[in-house]
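The sequence and the model are shown below.

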Amino acid sequence: MSRKKPEELRSHRWYGVQDMRSFGHRSRTKQMGFDAEDYAGKPVIAIINTFSDANPCHHHFKSRVDDVKRGVLQAGGFPLEMPAMSLGEPFMKPTTMIYRNLLSIDVEELLRANPVDGVVLMGGCDKTVPAMLMGAASMNIPAIFMPAGPMLRGHWHGKTLGSGSDVWKYWAEKRAGNIDDKAWGEIEDGIARSFGTCMTMGTASTMASAAEALGMTLPGAAALPAADSGHVRMAAACGRRIVDMVWDDLKPSDIMTTAAFENAVLAVLAIAGSTNSVIHLVAMAGRLDAKLDLDRFDALSRKVPMLGNIRPSGKYLMEDFFYAGGLPGLLKRIEGDLNLNCVTVNGKTLGENIKDAEVYDDDVIRKRDNPVKGEGGLAVLRGNLCPDGAVIKPPAAEPHLLVHRGPACVFNNYDDMSARIDDPNLNVTKDSVLVLRSAGPLGAPGMPEWGQLPIPKKLLQEGVRDMVRISDARMSGTSYGACVLHVAPESALGGPLALVRDGDIISLDVPNRKLTVEISDAEMAKRKAEWKAPKPHYPRGFGMIHLKHVTQANEGCDFDFLRGTAPIPEPEIH
């Protein structure tokens, strides 16, 4: 591979030309205290920093950006920090999902509009990972992803606490009357002990793992704890590596191929990763020439076992996973299923990166002959209730519910559910199927994580801890239960979910990948004719753009105008 010459750098158009505009670029750079020696003939490296005081997962990015800069300078590049929109999962309403595509636009246009040759993407909190990779893929200049890393494990009364998973668990116990306000407050104090993302295999760690298997992070970066000194060194290594990637012109389109996306899917399935990964990986592939759809997810899920014994589907947390060998160790155990010739950001193939990987704890990362579950952690369902597909995470459900038939208990929207779920007169039993509609990309809007519907209080008090629940919503990757999600088309479009009524019999058959409502086609057509479309949520602004252009869950919820690889001209410099 021939390396670029300085005059071939993209930034040369800003800095290297002897005209009035370049004079302005150089003089304004000197205004910030830089000399020509700092930038002349060197790759300009953008560091897209998603720090925010409203994003606790990224609270260490204030200092970590300096570590990345150090690496860039060591390798002979010129670093420019560029803040971008921060998607703080705990705080943003109605959901960060509605802003994922906006951040992807932010990343793409920051890179296009500025004198940038390569980029280090600093992110981690849930939607940030796919958003940044989507934007970088669309811009298609050399890019490397630096994961935020998981936080330290939580503690309470000698028990290890895991993000999200134990929130749902102990909230159910509080609603059942089994723990008091004092204990609940102590759990609040002990569950989040450091900066970093959720330390369960939630969406953040799932997508970081997917990014590593995809080839967009340095080997071993996905599970590296945020508070570990190794994370500081990894950040600097990202800075050093991106400079060489620019000289070698190693771009996202060279890395994020169909074969690489299959590696990412296999990794997600082997760790029983978040159901959100389905939407995000489909959206990411849609920005490139890669091919990925729901059926491919399901086919691969039947091919690879669940080996990562990590909450919420397993026993351990991300610290345990990292010190047991991390993602390289897990990938080593499924290497026979992987596309090992895929190139990664360090210039080596995936096979070369995991060649010497080891596992140090066979209970955290199981062997293939002793899996946590015999199949991967996700299943795609079809049927008259979800013609375009739905998703469930079988290992997170009570096994007896994976084949189930029961009457629907329907909630028209989240407020309806919240108002009635604990009503002692609610017509519901442990065999009922809870149905939530108006929770999809258009209906909610933004497809929030409402899919883990709470168990009715009267059933909690009877000892019930799981039920079949169906919605066009998503659920947190830290959630668990027999939750059928991403029903497409959604109810706000008049999909079959909009037509279900209380008492309709719903049949779930996960082994055969079926989800049906037992009403005739004629009755379905009659109800559809009576259905009325809801009033749009947004009369103007970004919300209106979202409503007009977002695709359905099975297509990744990307904006229709962002998909594909049609080239966009470089900006004129006049």
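Helices, as named here, are DSSP runs of H or I with at least four residues, and strands are runs of E with at least two, numbered from the N terminus. The model is a predicted one. In these terms the protein chain comes to 21 helices and 14 strands.

**Overall form**

- For 574 residues, a compact globule would have a radius of gyration near 25 Å, and the 24 Å of the protein chain agrees with this.
- Along the principal axes, the C-alpha atoms of the protein chain fill a box of roughly 80 × 55 × 45 Å.
- Of the 574 residues, 60% count as buried.
- When contacts between residues at least 6 apart in sequence are taken, 76% of them join residues at least 24 apart.

**The four-stranded sheet**

- Four strands form an open sheet in the order β2-β1-β3-β4, and their pairing is parallel.
- The edges of this sheet are β2 (78–83) and β4 (143–147), each of which pairs on one side only.
- On average, neighbouring strands of the sheet are turned by 20° against each other, with direction ignored.
- Strands of a sheet pair through backbone hydrogen bonds, either parallel or antiparallel.
- Within the sheet, β1 (residues 44–49) and β3 (residues 118–123) pair in the parallel sense over five bridges.
- Asn-49 has Met-122 of β3 standing opposite.

**Helix α4 and its two sides**

- Helix α4 covers residues 61–74, which makes 14 residues. From the first C-alpha to the last, α4 reaches 20 Å, close to the 20 Å expected at 1.5 Å a residue.
- Buried positions in α4 are Phe-61, Arg-64, Val-65, Asp-67, Val-68, Gly-71 and Val-72.
- Viewed down the axis of α4, these buried residues fall within an arc of 155°, so they line one face of the helix.
- An α-helix has 3.6 residues a turn, so residues three or four places apart point the same way.
- Lys-62 and Leu-73 are exposed and sit on the face of α4 turned away from the buried side.
- The buried residues of α4 pack against β1, β2, β3, β4 and α10.
- Just after α4 comes Gly-76, with a positive phi of about 90°.

**Helix α10 and Gly-239**

- Helix α10 (residues 229–248) lies across β1, β3 and β4, and runs at about 175° to β4.
- Gly-239 belongs to α10, and this glycine is buried, with a relative accessible area of 0%.
- Gly-239 and Gly-71 are 168 residues apart along the chain, yet their C-alpha atoms are separated by 4.2 Å.
- Apart from residues up to four places away in sequence, Gly-239 touches Val-68, Gly-71, Val-72 and Val-120. Val-68, Gly-71 and Val-72 are among the buried residues of α4.

**Leu-102 in helix α5**

- Leu-102 has its place in helix α5, and α5 spans residues 97–113.
- Leu-102 is partly exposed, at a relative accessible area of 26%.
- Its contacts, with neighbours within four places in sequence left aside, are Met-85 and Phe-542.
- Leu-102 and Leu-547 are 445 residues apart in sequence, and 13 Å apart in space from C-alpha to C-alpha.

**Backbone features in loops**

- Most residues other than glycine have a negative phi, and most peptide bonds are trans.
- Lys-93 and Pro-94 are joined by a cis peptide bond with omega of about 0°. Pro-94 is found in the loop between β2 and α5.
- A cis peptide bond also runs from Ala-488 to Pro-489, where omega is near -5°. Pro-489 lies in the loop between β12 (483–484) and β13 (505–509).
- Asp-126, a residue other than glycine, has a positive phi near 35°. This residue is in the loop between β3 and α6 (128–139), and Asp-126 is buried at 8% relative accessible area.
- Met-447, again not a glycine, has a positive phi near 60°. The loop that holds Met-447 lies between β10 (433–436) and α19 (457–460), and Met-447 counts as buried at 1% relative accessibility.

How values were computed:
Residues are numbered from 1 along each chain as its sequence is written. This is a predicted model: local features need pLDDT of at least 70, side-chain atom pairs count only at pLDDT 80 or more; totals for chains, interfaces and linings use all residues. Side-chain values use heavy atoms; hydrogens and water are left out. Two strands pair if DSSP finds at least two bridges between them. Axes are lines fitted to C-alpha atoms, for helices over the stretch in contact, and angles run from 0 to 180 degrees between N-to-C directions. Contact means heavy atoms within 4.5 Å. The expected span of a helix is 1.5 Å times one less than its number of residues. Buried means under 20% relative accessible area, exposed over 50%, partly exposed in between (1.4 Å probe, protein chains only). The arc is that of the directions from the helix axis to the C-beta atoms. The radius of gyration is taken over C-alpha atoms; the globule rule is 2.2 Å times the number of residues to the power 0.38.
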